[in-house]
Amino acid sequence: MDTHKRVFGFKIIFLVSVFILLNESSKCSSSGVMDDEQFKTMVEEVDNHLPSSSSSQGVYELNDVEEDEWLMVAKKGNQFVINDQPFYVNGFNTYWLMVFAADQSTRGKVTEVFQKASSIGLSVCRTWAFNDGQWRALQKSPGVYDEDVFKALDFVVSEAKQYKIRLILSLANNWDAYGGKAQYVKWGKASGLNLTSDDDFFSHPTLRSYYKAHVKAVLNRVNTITNITYKDDPTIFAWELMNEPRCTSDPSGDKLQSWITDMAVYVKSMDAKHLVEIGLEGFYGPSAPDRAQFNPNSYATQVGTDFIRNHQVLGVDFASVHIYADSWISQTITDSHIQFTKSWMEAHIEDAEKYLGMPVVFAEFGVSSKDPGYNSSFRDTLINTVYKTLLNSTKRGGSGAGSLLWQLFPDGTDYMDDGYAIVLSKSPSTSNIISLHSTRVAIVNSMCSWKCKWGCKKRNPLEAFLYHDDL
């Protein structure tokens with residue numbers, strides 16, 4: 001596999017485009033923030049000077065770096081940085097990578113999804129670092145692991161690095177798929193514990209110890225391919241405490257808050273280098289009654305989560321939000337889904353700036369092809385809405401730090417499709433939209449002096465791109 005191929009003609013066009021953009025937008029306003037007209041000019045220049053994404057194979061290898069430049073992602077105020085340079089995220093979810101990598105007959109699909117994602121500029125993948133007590137389980141019982149499945153996770157991490165894709169690794173599931181908190185409760189009952197609810201996962205000290213043992217096993221894992229300990233590997237963007245935690249048995253939110261407080265500090269005590277996020281959907285709870293108006297329904301306030309309060313916990317570095325209007329508002333496609341998406345995002349970006357002082361990532365968003373009234377045009381409109389809302393934040397240095405599509409699939413995996421899968425070869429218009437946004441994000445990330453607030457040494461922009469040494 002050669003990950004360093006170049007498409008020379010496209011690269012020249014790209015460099016010329018960037019040169020034009022950088023010259024046009026090199027001046028900052030007195031406040032140090034790009035004004036609307038400057039940002040609009042930048043976006044228009046991207047659109048006018050770049051060919052369609054069908055020609056883009058290879059351009060994103062511009063982000064190739066030498067081994068010693070593959071650095072940890074960090075947080076600076078309300079934005080992500082790598083080596084003190086901005087890092088805005090355009091990414092995706094593919095949750096099943098470890099399980100596919102555990103079988104030689106499907107391992108190639110892991111490589112394929114990374115290759116496809118890289119070809120359209122996606123830079124971050126969110127995936128599961130858990131499979132508890134199920135088929136091809138990583139954790140067969142508390143603290144007991146299948147080494148072959150752990151080696152499969154090693155492969156996922158190693159392969160991601162080959163394509164310069166960073167990983168958000170989720171450590172447990174709220175839902176029953178792949179075991180989830182219900183499996184931890186089953187283990188607890190089997191050991192003689194008196195447990196009455198799956199939500200005992202969050203409060204019972206023994207179940208907390210099971211979870212902590214899993215965290216310790218993953219963070220201290222030495223990759224058998226790269227020989228790098230996970231907690232030292234810059235390929236890992238962040239640890240996610242849990243996929244979509246909810247604690248409906250305690251609408252006050254106190255039980256879940258206590259668990260988050262305990263686990264965020266625990267993760268940081270073992271790994272102070274990596275970022276940590278919770279995995280929340282973003283519902284507002286009792287601590288912010290004035291924000292409940294933005295929730296998709298009244299039930300959302302009763303699931304035991306509390307967006308602002310939860311993210312004020314020590315050790316949590318950035319906020320996560322999911323967007324599923326077709327699950328939360330109505331399954332039938334309507335224009336109200338687009339309106340909700342925009343207001344939902346803007347509310348959380350505002351809160352991340354005003355109350356949290358941290359980046360926010362919209363870590364899952366999509367629409368199901370199984371919804372009544374669905375068509376690919378609506379999906380493209382939804383994705384464009386997410387991207388446009390993020391760009392509106394980016395242009396003013398806001399907290400909108402990126403998004404992750406749910407979900408990207410390679411060819412030949414239709415049997416796994418939950419309705420939300422995007423297969424790029426079958427979705428040219430969607431692929432173009434994603435690719436264009438990746439280009440915009442890549443340019444922003446590469447413009448050392450795009451805003452004076454970054455305080456970077458100004459350089460000849462074309463030279464910087466030719467030698468990649470600030471990428």
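Strand β2 (residues 79–82) and β3 pair in the antiparallel sense over two bridges, where strands count as paired if DSSP finds at least two bridges between them. In β3, Gln85 is the bridge partner of Ile82. These strands belong to an open sheet of three strands, ordered β1-β2-β3 and paired antiparallel. Its edge strands are β1 (73–76) and β3 (85–86), each of which pairs on one side only. The names follow DSSP runs numbered from the N terminus, with helices being H or I runs of at least four residues and strands being E runs of at least two.

The model is predicted, and local features need pLDDT of at least 70, while side-chain atom pairs count only at pLDDT 80 or more and totals for chains, interfaces and linings use all residues. Residues are numbered from 1 along each chain as its sequence is written, and side-chain values use heavy atoms, with hydrogens and water left out.

Buried means under 20% relative accessible area, exposed means over 50%, and partly exposed lies in between, using a 1.4 Å probe and protein chains only.

Helix α6 (residues 180–190) is mostly covered as well, with eight of its 11 residues buried. Among the buried residues of α6 are Lys181, Gln183, Tyr184 and Trp187. The elements that cover them include β6 (139–141), α7 (200–203) and α8 (205–219), contact being counted for heavy atoms within 4.5 Å. Just after α6, Gly192 takes a positive phi of about 100°.

Two packed helices are described by the angle between their axes and the distance between the axes. Axes here are lines fitted to C-alpha atoms, for helices over the stretch in contact, and angles run from 0 to 180 degrees between N-to-C directions. Helix α8 packs with helix α9 (residues 254–270) at an angle of about 30°, with the axes 11 Å apart. α8 and α9 are therefore roughly parallel to each other, since angles under 35 degrees count as roughly parallel, over 145 as roughly antiparallel, 65 to 115 as roughly perpendicular and the rest as oblique. Residues of α8 including Arg208, Tyr211 and Leu219 meet residues of α9 that include Trp259, Asp262 and Tyr266.

Finally, the cysteines can be considered. A disulfide is taken as a pair of cysteine sulfur atoms within 2.5 Å, and by this rule the count comes to zero disulfides. Cys125 is buried, with a relative accessible area of 0%, and Cys247 is buried, with a relative accessible area of 0%.
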